[in-house]
Amino acid sequence: MAGKIINIFDPPSSASSESDVGETQADFSEVFPDCEGDEEKSGDFYNTPASPITVPYCPRPPSTGSQKSPRSRRQRTTSLNQSSKKSAAESMIRTQHRTIYTAGRPPWYNSEGQKVEPLIIGICGGSASGKTTVAEKIIEALGVPWVTLLSMDSFYKVLNEKQREIANRNEYNFDHPDAFDFDLLFSTLQRLKEGRKVEVPIYNFVTHARESRTKTMYGANVIIFEGIFSFHNPKVLEMLDMKIFVDTDADVRLVRRLRRDISQRGRDLDGVLKQYCGMVQPSFNHYIAPLKVHADIIVPRGGENEVAIQLIVQHVHTQLQLRGFKLREELAQIHARSGQPRPDTLKLLPTTPQIRGLHTFIRNKDTPRDEFIFYSKRLIRLVIEYTLSLMQFNEKIVETPQGVQYKGKRMATDKICGVSILRAGETMEQAVCDVCKDIRIGKILIQTNLQTGEPELYYLRLPKDIKDYKVILMDATVATGAAAMMAIRVLLDHDVPESNILIVSLLMAESGVNSIAYAFPKVQIVTTAIDPEINDKFYVLPGMGNFGDRYFGTEPSDDLLQ
Amino acid sequence: MGNAELDIIDGADYVNHYKNLKILHCNNQIKELQTILRDRETSRSDFKFSADRLIRLVIEESLNQLPFTDCKVKTPTNSIYDGLKYKSGNCGVSIVRSGEAMEQGLRDCCRSIRIGKILVESDADTHEAKVVYARFPEDIAQRHVLLMYPIMSTGNTVSKAVTVLKEHKVKEENIILSNLFCTPAAVQTVLESFPKLKMLTSEVHPVAPNHFGQKYFGTD
């Protein structure tokens, strides 16, 4: 089964450039695991998956042999490599028939910024019953982005010295509930359900310990959780929205195990049979088979059962639709009513003649592009300087070369980082770098889905330990606030405290300000101007057009606009 | 040195006294930049970095003093924005040497602005300021002049420079003085002699950081 997983996660041959970068990085950090540099490649940045279809590296328990791809015959110590390759390919799932790009996560929260819970599907069944195959087929048929696949194999307990000896003699029962760390499993699943980032342990079957590396996973719209005891723990069971039991004939399971262990893992017939009869089968009969009563659906014959999988997929689609909503429209409507007092968290730059003069250039549609860029940069610099003045400062008395003391101030923290919302937000990166030496910059790509009009999250890469930083979140313009809210939600899911976030932009619409302030009352909102309206294309009025297009020179020609 | 001295910082009194004196709105961020520039322990690289940032802010603020007219422009969404347009006919004049540190800041804001220079040296014995060199755009008399000099302790140098500008028929009310650090005495000297001149600074403080030029250009 492990072999199968690897098949699916072969590094994509026609990967997007994003995932190429990810791969380089993963390999690099693999070679220099402790390297601390400023370059992205040195592992300072998460290789954050555009989406977490994350099939964790999960060798089957009894196989003390090697966890290897069908092509290489190396020992399991190479597993790091494989898992890092897997993480590189996280933004897509490749099957024999097609590639599912898992980029583009639609909103996972409502217009109040509160998260909508993901759908959690539990898959249970005996060893080699085809749970993973069923899970993969569901993912493939679902075709929705942002699915997380969590395997129970990641949660084996760490063995002590004595247990390890037993395990080496093939006598440790990995098919017993006690072999799993249900507390960690529960908390991990709980966090995933809350949409937070989790570090899933990587279990090493050679040392029977957890590797120091962990696998980073993100909350998703659908979480699939599979394992032989996935229905065992009542707390975990309660979290599952849909419970599937894969019921494959015992003979078939034995045949699969024999074939896999003998031909792929080089184990001998007697050893496999001894383990099967002594532990795997009794354990199945005693613990796993009774779990069937919890199931909503029992799938006979595992992954071959196309009809069952179709039924499941239909149900999941219905469930997802029930949870869906029109976020952007809702945002535009809720706060459209004017006359509300402006929120306290709004920090508007004083409107000096200078600021108005800059706006005049930037807003004028006839401004040539080089002037547009020049004046934009000036305005950006002013807004960034202003943003820094909103940080915490401490009083400090310094000695001057003139021999007198000077009562001044210094910033309370040097942990500030910038996060730009692609693409327009990137225009502000330079200014942040100009005012903060060596600042770390993260990126979040959010695009509007042209069919639904909803923002979708495609890509993110954030500085390590971003939770300890003050985050300057940059976007050039904020209309409905939908993209900004998604970006804030992402930061919150990375455990950044709400009060540490400042959303900075050149121009905001009144309704966007209100939406953000309402959903995230502690986020500071910094801008140079506020416009009253949004048109039906969600552009600010009078506005400045599509800032990114004008700055980067990618605006469509006039007749296309009409 | 007493605490009283430490507390004379925001110079609000002077603003009330001289209506043409403007002090950059002092937020924490600006205070930090000033602290870094004043701190003896600051490295040269940090010093220059912070100086450039403060200069940029002072220049941006100085540009606010320039004349403008209202104008309406059409935005890409075909709406009207009520903006304003600066009048042309401005120029910069830097006082050599430390004033030149501010030239880049001005260039960053006004790409093709003309910049003149004055070199004023004070006599080692008499402390009298003497103009050694001056070169201005030809039509400076018709222009608004942004006079740049970062540190003022006596105000003599600037007074001399303003005198030279006036000799070139620049109107006193058309001169805007951009400055980073200034002593009360300098405010008095300059604004008493030239009451119509507009002066902008980031701080009025009894002790001027006279090491500025040397540290900025690395000649200490």
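Trainee: How far does helix α9 of chain A span between its end C-alpha atoms?
Mentor: Helix α9 (residues 269-288) of chain A spans only 24 Å between those atoms, whereas a straight helix of 20 residues would span 28 Å at 1.5 Å a residue. The expected span is 1.5 Å times one less than the number of residues. Helices here are DSSP runs of H or I with at least four residues, strands are E runs of at least two, and both are numbered from the N terminus.

Trainee: What sort of model is this, and how do the labels work?
Mentor: This is a predicted model, in which local features need pLDDT of at least 70, side-chain atom pairs count only at pLDDT 80 or more, and totals for chains, interfaces and linings use all residues. Residues are numbered from 1 along each chain as its sequence is written, while chains are lettered from A and ligands numbered from 1 in the order in which they are written.

Trainee: Back to α9(A): where is its kink centred?
Mentor: The kink is centred on Y276(A) and amounts to about 45°. The bend at a residue is the angle between axes fitted to the seven residues ending there and the seven starting there.

Trainee: Which residues of α9(A) are buried?
Mentor: Y276(A) is one of them, and V272(A), Q275(A), M279(A), V280(A), S283(A), F284(A) and I288(A) are buried as well. A residue is buried if 20 or more other C-beta atoms lie within 10 Å of its own, exposed if 12 or fewer, and partly exposed in between, with C-beta atoms placed from the backbone. The cover over these buried residues includes α8 (250-264) of chain A.

Trainee: Staying in chain A, is I525(A) buried or exposed?
Mentor: I525(A) counts as buried because it has 27 C-beta neighbours inside 10 Å. This residue is found in strand β19 (residues 524-531) of chain A. Leaving out residues up to four places away in sequence, I525(A) touches T345(A), L346(A), K347(A), I503(A), V513(A), I516(A) and A517(A). A contact requires C-beta atoms, placed from the backbone, to lie within 7 Å.

Trainee: And how far is I525(A) from S505(A)?
Mentor: Their C-alpha atoms are separated by 8.2 Å, the two residues being 20 residues apart along the chain.

Trainee: Turning to backbone geometry, which peptide bonds are cis?
Mentor: Among them is the bond from L541(A) to P542(A), with omega near -5°. P542(A) sits in the loop between β21 (540-541) and α17 (547-552) of chain A. The bond from V96(B) to R97(B) is also cis, with omega near 5°, and R97(B) is in the loop between β4 (90-96) and α5 (103-109) of chain B.

Trainee: What about phi of A128(A) and of N78(B)?
Mentor: Phi of A128(A) is near 60°, a positive value in a residue other than glycine. A128(A) is buried, with 24 other C-beta atoms within 10 Å. Phi of N78(B) is near 65° and likewise positive. N78(B) is exposed, with 12 other C-beta atoms within 10 Å, and lies in the loop between β2 and β3 of chain B.

Trainee: How many helices and strands does chain B have?
Mentor: Chain B has 8 helices and 12 strands. Buried residues make up 43% of its 220 residues.

Trainee: What is the strand order in its sheet of 7 strands?
Mentor: The order is β1-β11-β9-β7-β4-β5-β6 in an open sheet with mixed pairing. The edge strands are β1 (21-23) and β6 (129-135) of chain B, each of which pairs on one side only. Two strands pair if DSSP finds at least two bridges between them.

Trainee: In which sense do β9 and β11 of chain B pair?
Mentor: Strand β9 (residues 175-178) and strand β11 (residues 198-201) of chain B pair in the parallel sense over 3 bridges. S178(B) stands opposite L200(B) in β11(B).

Trainee: Last topic: how many residues does each chain bring to the contact?
Mentor: Chain B gives 40 residues and chain A gives 41 residues. On the side of chain B that touches chain A, α3 (28-38), α4 (44-63), β2 (68-74) and β3 (80-86) of chain B each supply at least two residues. The largest share of that side, 7 residues, comes from α3(B).

Notes. Two residues are in contact if their C-beta atoms, placed from the backbone, lie within 7 Å.
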